[in-house]
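This report walks through the strands, helices and ligand shell of one model. Please keep the structure in view while reading.

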Amino acid sequence: MQSNSFLDRVKIYVKAGKGGDGCLSFRREKFIEFGGPNGGNGGKGGDVILKAEPNLTTLQELAYNPHIEAKDGAKGGTYNKYGVGADDKIVPVPLGTAIKKDGVVIADLTTAGQEIIIARGGRGGRGNQSFKTHQNTAPRIAEIGQPGEEITLVLELRVLADVGLVGFPNAGKSTFLTAITAARPKVADYPFTTLNPNLGICTHKGKSFVTADIPGIIEGASEGKGLGHQFLKHIERTRVLLHIVDPAGFDGIDAVKSIKIIEDELKTFSKELAKKPRIIAVNKADTAGAEDVFKKIKKKYAARPVFLISAAARGGLGKTLDEIVKTLAANPVKAAKPAAAGPAVHAIAPVFTISPLDDGRIQISGKKIEEFIAMTNFAQPEAVERLGKIFKKIGLEKALLKHGATDGTTIVACGKEFEWNGGLGAEVSAEAERIGGRTVRESKAQRLAKRKARREKKKGLQL
Ligand SMILES: Nc1nc2c(ncn2[C@@H]2O[C@H](COP(=O)(O)OP(=O)(O)OP(=O)(O)O)[C@@H](O)[C@H]2O)c(=O)[nH]1
Ligand SMILES: [Mg+2]
């Protein structure tokens, strides 16, 4: 069966699971007066993994579901209970799928069952039991789970076959695939019957190989005419091409001439294709004149193996298959090139980047620093204090001061706004008021006044 839903390129949006939050709790038991901290760590978020699945032939499924998410890890519990790690999300993709990030191939799934982690789940946040030290035996701090990695990727499928069938439409390519494999592509007495590549596995004298039947090629295919062009790339990874010829020719083109036209199309499409070993099979041996055409072609292409077959009547196939097996043995699979290391993936990211904004706000960014912020529970004063210490340690505090941060400066990070007070203070947006569906931020003066009032109030309480 052939479907019209063959899809060989798809963009996907991937999000790995967030780590579970750490737990903040203390032992409370009957005869124990000062129970220590016993908040457990959160579990790891699930990774997103792509797995090469030989039974899949299209990326169609992913086009319908391009948003892929793994589950989050479970929260840590009291009594030092660890949160359960989330299962990884395994996404099956067809064998021959290449994974591209920012236009660079970062991995190529070329063996059955091969897996690649494309987004790592976050680690679980530490519970307060992990923060216990001699100085602080009762920490009131627990981390939020680490966010999972998020990434946008493009998947491209190049079917993986050993043998590629080429030829004009209606030559009998699909009939040949039917004759030598269990595949059942549509066969009909008109051109362009095949609209998508079909794959089949042939076993001949103990050797197995995969054959790809692609739509017929016509003159100008390499420039986009007919259907052939978009599918030629699918035979780029084959090791031998079997050129199937209809002795009656195609659309007024003589059979002998037709061979050169196809060969030129292959050459124009890519040097790779032009270099591939080629076998010619003159099909429809049962039709009048086939024998003559076969002889002419054999003479003209003396350097090539040429056979006379009848795909429909299963005639002459043995010798053709012998030749295919021989050619495959002489052209073993090239060791896969190591996946080009995507510079964007492996580049060492700076710990933080500071960008002063025109309106006086200062933006801080960087994977690591954003992670620290995302894992801080701003409702816990000790956690906020710890973040301040981290800022100091990595030189972020100094750098911010150099860029003119003063008490009350708005710091933009992780898509949120915070108030600077020697560390990251309250999230500003939490104080924003919604007016008529529009979020209006308080002016700096208003915020400073509010802070002052809070401080006074605190002082008043302490007195
Ligand atoms: N007489 C005869 N007809 C054949 C033979 N092999 C294939 N045919 C017929 O040729 C026609 C085209 O066969 P297909 O296998 O669909 O040809 P194709 O090359 O896949 O064609 P496209 O998919 O359109 O490119 C069908 O009617 C087949 O029955 C053969 O050996 N002898
Ligand atoms: Mg066909």
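## A hairpin and its parallel neighbour

Start with the hairpin of β17 and β18. Two residues lie between its strands, and C414 takes a positive phi near 55°. This is a predicted model, and the description below should be read as such. β17 and strand β18 (residues 416-420) pair in the antiparallel sense, over four bridges. One bridge of this pair links T410 with E419 in β18.

β17 has a further pairing. Strand β17 (residues 410-413) runs parallel to strand β16 (residues 362-365), and two bridges connect them. Here Q363 stands opposite V412 in β17.

## The six-strand sheet

Six strands form an open sheet in the order β10-β11-β9-β12-β13-β14. The pairing in this sheet is mixed. What stands at the edges? β10 and β14 (306-308) do, and each has a single partner strand, so one side of each is left without a neighbour in the sheet. Direction ignored, neighbouring strands of this sheet are turned against each other by 25° on average.

Strands of a sheet pair through backbone hydrogen bonds, either parallel or antiparallel. Both senses occur here. Strand β10 (residues 198-204) and β11 run antiparallel, joined by seven bridges. Along this pair, I201 stands opposite V210 in β11, and T203 stands opposite S208 in β11. β10 and β11 also form a hairpin, with two residues between the strands. Within that hairpin, K205 takes a positive phi near 50°.

Strand β11 (residues 207-213) runs parallel to strand β9 (residues 163-166), with three bridges between them. In this pair L165 faces D213 in β11 as its opposite residue. Further along the order, strand β12 (residues 240-245) pairs with strand β13 (residues 278-282). Their sense is parallel, and the pair has five bridges. I244 stands opposite A281 in β13.

## A helix across the sheet

Which helix lies across β9, β10, β11 and β12? Helix α2 (residues 173-180) does. α2 runs at about 155° to β11.

## The three-strand sheet

A separate heading goes to the open sheet with the order β4-β2-β7. Three strands form it, and its pairing is mixed. β4 (89-94) and β7 (115-119) are the edge strands, each pairing on one side only. Neighbouring strands of this sheet are turned by 30° against each other on average, direction ignored.

Strand β2 (residues 48-53) pairs with β4 in the parallel sense. Six bridges hold this pairing in the model. I49 has I90 in β4 as its bridge partner.

## Two helices in contact

Two packed helices are described by the angle between their axes and the distance between the axes. For helix α4 (residues 255-269) and helix α6 (residues 290-300), the axes come within 9 Å. They cross at roughly 45°. α4 and α6 are therefore oblique to each other.

Which residues of α4 meet V293, K296, I297 and K300 in α6? They are A255, V256 and I259. The residues of the contact of α4 with α6 divide into five nonpolar, no polar and two charged.

## The ligand shell

How many residues surround ligand 1? There are 25, and the closest are G172, S174, D189, T194 and G216. One of these, S174, falls within the range of α2 (residues 173-180).

What is the make-up of the shell around ligand 1? The residues divide into 10 nonpolar, 11 polar and four charged.

## Confidence

The protein chain has a mean pLDDT of 84. Of its residues, 86% reach 70 or more. Two stretches call for care. Over residues 338-348 the pLDDT stays under 50. The model has 14 contacts for this stretch beyond four places in sequence. Residues 430-440 also have a pLDDT below 50. Beyond near neighbours in sequence, residues 430-440 have nine contacts in the model.

Where pLDDT is low, the predicted coordinates should not be read in detail.

Methods. Residues numbered from 1 in each chain as written. Chains lettered and ligands numbered in written order. Predicted model: local features only at pLDDT ≥ 70, side-chain atom pairs only at ≥ 80, totals over all residues. Near = placed C-beta within 6 Å. Nonpolar A, V, L, I, M, F, W, Y, C, P; charged D, E, K, R; others polar. pLDDT = per-residue confidence, 0-100. Contact = placed C-beta atoms within 7 Å. Pairing = 2+ DSSP bridges. Axes fitted to C-alpha atoms, helices over the stretch in contact; angles between N-to-C directions. Parallel < 35°, antiparallel > 145°, perpendicular 65-115°, else oblique.
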